[in-house]
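Work through the exercises below. Try each task before reading its solution.

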Amino acid sequence: MDGMMEVVGMAQDMQAQQMQMQQAVTGASLTKEALEFQGSMVNAIISSGTDAARNAGLAAQGIGTKINTVV
């Protein structure tokens, strides 16, 4: 009986680890999408034409680089 309970416990641990790995993959995917969106928006601002918008985009790009490095 103890052996059976040990096997059940190991299976539950494996399920929990698999769930954690799936959550990590999902989180990484969402982070990647958010960073890609941030990059495309900054590029759109930089290439919009006006000096003020370009400067704002370059500033956002610099801030985003610092944030991405920390994350």
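Buried means under 20% relative accessible area, exposed means over 50%, and partly exposed lies in between (1.4 Å probe, protein chains only). The model is predicted: local features need pLDDT of at least 70, side-chain atom pairs count only at pLDDT 80 or more, and totals for chains, interfaces and linings use all residues. Residues are numbered from 1 along each chain as its sequence is written, and side-chain values use heavy atoms, leaving out hydrogens and water.

**Exercise 1.** State what share of the protein's residues counts as buried.

Solution. Start with the chain: the protein has 71 residues. Apply the cut-off: 6% of them count as buried. Then take the accessible surface (Shrake-Rupley method, 1.4 Å probe). That surface comes to about 5,900 Å². Carbon and sulfur atoms hold 65% of it.

**Exercise 2.** Find the salt bridge and place its partners.

Solution. Look for a side-chain nitrogen of Lys or Arg within 4 Å of a carboxyl oxygen of Asp or Glu. The structure holds one such bridge. Glutamate 36 and lysine 32 form it, at 2.7 Å, N to O. Both lie in helix α1, four residues apart, about one turn of the helix. Glutamate 36 has a relative accessible area of 45%, so this residue is partly exposed.

**Exercise 3.** Classify alanine 56, then give its C-alpha separation from isoleucine 45.

Solution. Alanine 56 sits in helix α2. Its relative accessibility is 43%, so alanine 56 is partly exposed. The C-alpha atoms of alanine 56 and isoleucine 45 are 7.5 Å apart.

Technical notes. Helix = DSSP H or I, 4+ residues; strand = E, 2+ residues; numbered from the N terminus.
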